[in-house]
Amino acid sequence: MKNKTETGQPRKRLRLATLVTLGVCATVALSTALQLALVDHFATNYAGKEAELRLQQLSWQMRDSLNRVVSKAAGDVQLVTALAQVREARDPAAARAVLDSLQDSFPDYAWIGIAGQDGKVFASAHGLLENADVSARPWFKAGQGGLRTIDYHPALLLGKLLPQAADPWRFIDVAAPVRRADGQPWGVLGVHMSWNWARRLARNLLTPALREYGAEILVVRNDATVLLGPVGMEEKKLNTNSLQLAQAGQTGAIRETWPDGKVYLTGYSQTGQSGDTATLQWSVLVRQPEQVAMAASRQLEQLILWLSVAAGAAMALVAAFLARRLTRPMDRLSRTIEQRAKAVEEGQPLPEVPAIDGFREAQVLSRAMRDMVHSEARHVDLLQTMNEQLESTVARRTAELEQLVMRDVLTGLPNRRALMQALPAAMARVTRMRQPCAVLFLDLDGFKNVNDTHGHEEGDELLRQFGQRIVGAVRRTDTVARLAGDEFVAILENLSDAAAAEEMGRKIMPLLREPFVLKTATVNLSASIGIAIHQPGDAEDLDALLARADRAMYEAKRGGKNNVVMAAAAAPV
């Protein structure tokens, strides 16, 4: 027989206690491996993606903040060069008064001056460097050709005159030609902006909690020189994959090894616009050590591993004890079952199942086995539920993050990113529906005075009310977005003609002049609106459309504010 050796002795089989113990250990090991695999696949991946999205969002925020400051400085230079006191200045004192006022309003402008065509400083804020020869300075040469922004550089002339500081003086410059009313250039206006504003941006953006967990912001020039970063890295060269991706114009987050040998999660983006001489193209990197970013996930893995090992050991001991108790009655029961099976084969009467003293113990074992099966089923159900919950959480958090990315945190309106998606779709519908759309560029008149007088919290409340008034004035099918600061954009679709857009702009103006009731004050402001029309057949160039609306808004500003200006029609395709 197969169950006997050649000598007729029965083959040795593993004891029931051993089999039960091994079976329980194998089941626990499999369950532990499955748990760890699920945790690694879902929890770890989710934690990594969440950390990368957080760093990428910080990079975007720093990029947008840098762009806003550089853009504001360029706007200030353009505005000053357009002032009659500067354009027609014959006496340095008249021009100096304008420059003093600008510098007093924005202390980060370390030096503001106008140099004549001969390169000598005609007038400057508070008279600093007046009559000095700056003809060899890069800002003077570049500013003669139009509005230019000059990259990060050390102080030369100013370094000896400005107060000593903890960090060496570094600047970026913005310059533009100054022309008389007849269009003839007679000088160059230059603004030296201290690099301290960038340091403040980084400090304000990184909360104490983020700094505690190792998050760091780096700003890197196109020649790979670190302009802003951790101690010891500034003004040194850097070479990382994230930097190469940012310099290629891409944005995102990656896992990479840095020159210090540590592995970091790095979010990256690039400031400025290629070909725009009024902007600067820097790479913005936000890094965090991977070990810190993934610490919570690693702790969860270790906790599950140790709990599973402890549970496995306890279950193995219990199984061995029960197996020894149940071996003898189960042997008798198994022999009876074998006898009944043989009787069936031979056609003999079936033997009765004897009353086994340990039958109750067998029942207990049976129940224990059923309970173990049910426990295993519940365990699998629990794992499946965990899986579904993880997938649901990932989907929900991803949707929340996408919503955050597309919404302005202050006003709840669509942000610049959302606008850049909505505007091309609106332009495409113009082609399909053969009805024009309009872009309204709105800017509050005197918003800075509210911030300076009543504080930024009141300024934020004013922006929220301003945005809601615009939303209430336009149709539900129209789109209202906040670009930055006090700049808002409304997209009006399915218009009958250009006059309908101007009529809407005129309709909005009285609503925006109504008093704004804030927490501590009531203020009366107005707004300047620029309108650009996109007609069927126009080129679908959203940057050009926004630029036309922006220029029209600034024309309204220059015309005395509190006005609506229609932009010139787009050039035919």
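**View 1. The largest nonpolar core of this predicted model.** Welcome to the inside of the chain: the largest nonpolar core holds 50 residues. Met-62, Ile-172, Trp-195, Trp-197 and Trp-282 have the most contacts inside this core. Helix α1, which runs over residues 16-81, gives the most to the core, with ten residues. At least three residues come from domain 1 (83-198), and at least three from domain 2 (199-296). In soluble globular proteins, nonpolar side chains tend to be buried together.

**View 2. The surroundings of Met-62.** Here we zoom in on one residue of that core. Setting aside neighbours within four places in sequence, Met-62 is in contact with Ala-198, Leu-201, Ala-202 and Leu-205, and also with Ile-217, Val-219, Leu-228 and Val-284.

**View 3. Another core, apart from the largest one.**

View 4. Just after α12 comes Gly-455, with a positive phi of about 100°.

**View 5. Stepping back to the whole chain.** The chain contains 15 helices and 17 strands. Of its 573 residues, 42% count as buried. The accessible surface comes to about 30,800 Å², and 55% of that belongs to carbon and sulfur atoms.

Key
Residues numbered from 1 in each chain as written. Predicted model: local features only at pLDDT ≥ 70, side-chain atom pairs only at ≥ 80, totals over all residues. Heavy atoms only, no water. Helix = DSSP H or I, 4+ residues; strand = E, 2+ residues; numbered from the N terminus. Buried < 20%, exposed > 50% of the residue type's maximum accessible area, 1.4 Å probe, protein only. Areas by Shrake-Rupley, 256 points an atom, 1.4 Å probe, with all protein chains shown as cover. Core = buried A, V, L, I, M, F, W, Y, C linked by side-chain atoms within 4.5 Å. Domains from an automatic or database assignment. Contact = heavy atoms within 4.5 Å.
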